[in-house]
Amino acid sequence: MSELTTIARPYAKAAFELAVEKGTVEAWNEMLFFAGQVARDEQVQLLLGGIATEAEQSDVFIKLCAEQLDEQGQNLIKLMAENERLAAIPAVADLFAELKADYDKEIDVNVVSAAALAEEEQAKLVAALEKRFARKVKLNCSIDETIVSGLVIKAGDTVIDGSIRGKLDRLVTTLQS
């Protein structure tokens with residue numbers, strides 16, 4: 001776990017709790033996503049790095065995000081600037097998105113296959129994964145011809161390697177033992 005993640009966690013949790021209380025989870029997610037993208041920009045980082053005081057940094061950052069942040073979002077930015085934590089905004093956005101996905105009972109699943117999956121195959125896979133994880137599944141498919149055949153499925157900390165490449169690698173490891 002990175003230092004920024006540790007710093008960002010209380011801000012993300014507080015923002016999420018407020019958003020749930022006010023019924024504005026989606027709006028907060030959009031605000032923080034936008035603020036996170038702005039904070040990741042190298043030119044913005046250089047601009048903020050050249051400003052001496054936290055108050056001026058938060059004012060500039062808020063002006064950059066003006067139309068995307070409501071009053072509560074601006075207050076979060078001001079608080080983070082006062083505590084010299086503006087660099088943690090992208091991590092706050094990422095953690096907030098994770099909390100939202102958990103709250104919405106959603107999970108992102110990355111699927112790697114040797115060839116493109118047909119719509120039918122994707123639908124069957126989504127149904128099976130939703131049953132297994134008891135969550136709504138958002139499928140992210142990609143192709144890697146080196147896995148030869150089968151699928152590699154990654155969902156959070158869970159990895160299911162049903163690829164021929166994975167089976168061959170495990171066989172080699174077993175034979176070498």
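This passage describes selected contacts and surface features of a predicted model.

The structure holds 3 aromatic pairs. In one of them, the ring centres of Phe 16 and Tyr 103 are 5.5 Å apart and the ring planes stand at 80°; since planes over 60 degrees apart count as edge-to-face, the pair is assigned to that class. Phe 16 belongs to helix α1 (residues 3–22) and Tyr 103 to helix α6 (residues 89–103), so that the pair links distant parts of the chain, 87 residues apart. The relative accessibility of Phe 16 is 11%, and this residue therefore counts as buried, the limit being under 20%. Tyr 103 is partly exposed, with a relative accessible area of 48%. Both residues are members of one aromatic cluster, which is formed by Phe 16, Trp 28, Phe 96 and Tyr 103.

Charged side chains were examined next. Side chains of opposite charge can pair when their charged atoms come close. A search of the whole structure finds 6 salt bridges. One of these is formed by the side chains of Glu 26 and Lys 100, with a distance of 3.1 Å from N to O. This pair, too, links distant parts of the chain: Glu 26 is in helix α2 (residues 25–40) and Lys 100 in helix α6, 74 residues apart. Glu 26 counts as partly exposed at 41% relative accessibility, whereas Lys 100 counts as buried at 11%. A network of salt bridges links Glu 26, Lys 100 and Asp 104.

When neighbours within four places in sequence are left aside, Lys 100 is in contact with Phe 16, Val 25, Glu 26 and Asn 29. Among these contacts, Phe 16 is a member of the aromatic cluster, and Glu 26 is the salt-bridge partner of Lys 100.

Strand β3 (residues 151–155) and strand β4 (residues 158–161) run antiparallel and are joined by 4 bridges. The hairpin of β3 and β4 has 2 residues between the strands, and Gly 156 takes a positive phi near 65° in this hairpin. Val 152 has Asp 161 in β4 as its bridge partner.

Ser 163 is located in the loop between β4 and α8. At 1% relative accessibility, Ser 163 counts as buried, because the limit for this class is under 20%. With neighbours within four places in sequence left aside, the contacts of Ser 163 are Ile 147, Ser 149, Gly 150, Leu 151 and Val 152. One of these contacts, Val 152, is the residue whose bridge partner is Asp 161.

Helix α8 (residues 164–176) includes Ile 164. Arg 165 is partly exposed, with a relative accessible area of 35%, and Asp 169 counts as partly exposed at 40% relative accessibility.

A nonpolar surface patch of about 450 Å² is made by Val 148, Ile 164, Leu 168, Leu 171 and Leu 175. Of these residues, Ile 164 has a relative accessibility of 33% and therefore counts as partly exposed.

A further feature concerns Glu 82, which is found in helix α5 (residues 71–82). Glu 82 has a relative accessible area of 60% and is therefore exposed, the limit for this class being over 50%. Glu 82 and Val 109 are 27 residues apart along the chain, and their C-alpha atoms are separated by 37 Å.

Technical notes:
Residues are numbered from 1 along each chain as its sequence is written. This is a predicted model: local features need pLDDT of at least 70, side-chain atom pairs count only at pLDDT 80 or more; totals for chains, interfaces and linings use all residues. Side-chain values use heavy atoms; hydrogens and water are left out. Patches are made of residues with over 30% relative accessible area and no salt bridge: like charges are joined within 9 Å, nonpolar side chains (Val, Leu, Ile, Met, Phe, Trp, Tyr) within 5 Å. Accessible areas come from the Shrake-Rupley method with a 1.4 Å probe; for residues, only the protein chains shown count as cover. A salt bridge is a side-chain nitrogen of Lys or Arg within 4 Å of a carboxyl oxygen of Asp or Glu. Buried means under 20% relative accessible area, exposed over 50%, partly exposed in between (1.4 Å probe, protein chains only). Two strands pair if DSSP finds at least two bridges between them. Rings of Phe, Tyr and Trp (its six-membered ring) pair if their centres lie within 6.5 Å; planes under 30 degrees apart count as stacked, over 60 as edge-to-face and the rest as tilted. Contact means heavy atoms within 4.5 Å.
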